[in-house]
Amino acid sequence: MQSFQSALTIIQPSGALNAANARTLQAQLVEHITADHSAGLMVDMSGVESLDSAGLVSLISALRIARGLSKRFCLCSVPPSIQIVFELTQLDQVFEFADDFSVKAA
């Protein structure tokens, strides 16, 4: 884990985000979002190879918690093969996306 300039925490999942590891991912996301020192969370998706509905639900749940706490939740470096999942489900209109880490905390 890296900490971003103004306490925006960065998490880098890798491989498949699926039913086998969705609960673990969600627990990690929630732990970092709810931390007092965190202004929010940036999920670096560059190492993600596949995303199924369980992985997507983990991200949506974390987003809802972040919004409830008025914290930022952002996905960055999303590979095209994963981006299409967000587009097909129209969740590309719900999540905040960044091309890289240059995004500044709001």
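From the N terminus on, the elements of the protein follow the order β-β-β-α-β-β-α-β-α-β, giving three helices and seven strands; helices (H or I, at least four residues) and strands (E, at least two) are DSSP runs, numbered from the N terminus. The model is predicted, and local features therefore need pLDDT of at least 70, side-chain atom pairs count only at pLDDT 80 or more, and totals for chains, interfaces and linings use all residues. Residues are numbered from 1 along each chain as its sequence is written, and side-chain values use heavy atoms, with hydrogens and water left out.

Of the 106 residues in the protein, 43% are buried, where buried means under 20% relative accessible area, exposed over 50%, and partly exposed in between (1.4 Å probe, protein chains only). Among contacts (heavy atoms within 4.5 Å) with a separation of 6 or more, 74% join residues 24 or more positions apart.

Ala-22, Leu-25, Leu-29, His-32 and Ile-33 are the buried residues of helix 1. They cover an arc of only 105° around the axis, and so lie on the same side of helix 1; the arc is that of the directions from the helix axis to the C-beta atoms. Arg-23 and Glu-31, on the other side of helix 1, are exposed. The buried residues of helix 1 pack against strand 2 (8-11), strand 3 (14-17), strand 4 (40-44), helix 2 (53-68) and strand 6.

The largest nonpolar core has 22 residues, and Leu-29 is one of those with the most contacts inside it. A nonpolar core is a set of buried Ala, Val, Leu, Ile, Met, Phe, Trp, Tyr and Cys residues joined through side-chain atoms within 4.5 Å. Helix 2 contributes five residues, the largest share of this core. Apart from neighbours within four places in sequence, Leu-29 is in contact with Ile-11, Leu-41, Val-43, Ser-58, Leu-59 and Ala-62. A second, separate core of six residues includes Ile-10, Met-42, Cys-76 and Ala-98.

The structure holds one salt bridge, defined as a side-chain nitrogen of Lys or Arg within 4 Å of a carboxyl oxygen of Asp or Glu. Glu-96 pairs with Arg-72 in this salt bridge, the closest N and O atoms being 2.3 Å apart. Because Glu-96 lies in strand 7 (residues 96-98) and Arg-72 in strand 6 (residues 72-76), the pair ties together parts that are 24 residues apart in sequence. Glu-96 is partly exposed, at 28% relative accessible area, whereas Arg-72 counts as buried at 15%.
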